Amino acid sequence: MSGRDVFEYAVLRVVPRVERGECFNAGVLVYCRARSFVAARTHLDERKLLALDPAADVVGVRAALRAVEGVCGGGDAAGQAAGDDAGRRFRWLIAPRSTVVQPGAVHSGLTADPEAEIGRLLDLLVH
C-alpha cells in the first residue's frame, strides 16, 4: 500500500471523580477505515491519578484502560465486540460515557502508517 489514508483518533481521559470533571490524558485510540485498523495504546500516570483522587482505584483504572486495548485487538479480549469489524469497535469505544475512563473528541488526519501514528500521538498527547 502506498500513499496516505484518512485516520481518526480520540484521546482517552481518566476522570477519577466524575462529579468534579478533573481529568488527564492516559491513552489514544486510532482508527483507519482504509486499512481496517483500530488500536489503542495507554499509559497511566499513577501520580496524577492519586493527586486528583488519593482514594482512586489504580488497579481498576488500569484494568479499564487494558479493556479498551483488548476491544481494539478483537478476539477473546474484545468480549461481546469480538465479532465486530474495526469501525464498529472504534465507534463503540468513542461513544460518550460517564465513567472513570472516557473518550475525548474525535479528530482526523492523514497517515501512511497507523501503527506509527499511535506512538506519535501517545508521545504528543499523553507522555
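## Helix α4 across the sheet

Helix α4 (residues 114-125) of this predicted model lies across β1, β2, β3 and β4, and runs at about 160° to β2. Helices (H or I, at least four residues) and strands (E, at least two) are DSSP runs, numbered from the N terminus. Angles run from 0 to 180 degrees between N-to-C directions, with axes as lines fitted to C-alpha atoms, for helices over the stretch in contact. Residues are numbered from 1 along each chain as its sequence is written. As the model is predicted, local features need pLDDT of at least 70 and side-chain atom pairs count only at pLDDT 80 or more, while totals for chains, interfaces and linings use all residues; side-chain values use heavy atoms, with hydrogens and water left out.

With 12 residues, α4 reaches 16 Å from its first C-alpha to its last. This is close to the 16 Å expected at 1.5 Å a residue (the expected span is 1.5 Å times one less than the number of residues).

## The buried side of α4

P114, E117, I118, L121 and L122 are the buried residues of α4. Buried means under 20% relative accessible area, exposed over 50%, and partly exposed in between, with a 1.4 Å probe and protein chains only.

L121 is one of the buried residues of α4, with a relative accessible area of 1%. Leaving aside its neighbours within four places in sequence, L121 is in contact (heavy atoms within 4.5 Å) with F7, Y9, V28, V30 and V126. L121 and Y9 are 112 residues apart in sequence, and their C-alpha atoms are 8.9 Å apart in space.

## The sheet

An open sheet is formed by 4 strands in the order β3-β2-β1-β4, with antiparallel pairing. Two strands pair if DSSP finds at least two bridges between them. β3 and β4 (101-111) stand at the edges with a single partner strand each, so one side of each is left without a neighbour in the sheet. Neighbouring strands are turned by 20° against each other on average, direction ignored. Helix α3 also packs on the sheet, touching β1, β2, β3 and β4, and its direction makes about 155° with that of β2.

β1 and β2 run antiparallel and are joined by 7 bridges; E8 has Y31 in β2 as its bridge partner. β2 (residues 24-32) and β3 (residues 37-42) pair in the antiparallel sense over 6 bridges, and the partner of C32 in β3 is F37. The hairpin of β2 and β3 has 4 residues between the strands. In that loop lies S36, a residue other than glycine with a positive phi near 50°. S36 is exposed, with a relative accessible area of 59%.

## Two nonpolar cores

A nonpolar core is a set of buried Ala, Val, Leu, Ile, Met, Phe, Trp, Tyr and Cys residues joined through side-chain atoms within 4.5 Å. The largest has 25 residues, of which V14, L29, L44, L49, V61 and L65 touch the most other members. At least two residues each are supplied by β1 (5-14), β2, β3, α2 (58-73) and α3 (86-94). The largest share, 6 residues, comes from α2.

Leaving aside its neighbours within four places in sequence, L44 is in contact with V14, F24, L49, V58, V61, R62 and L65.
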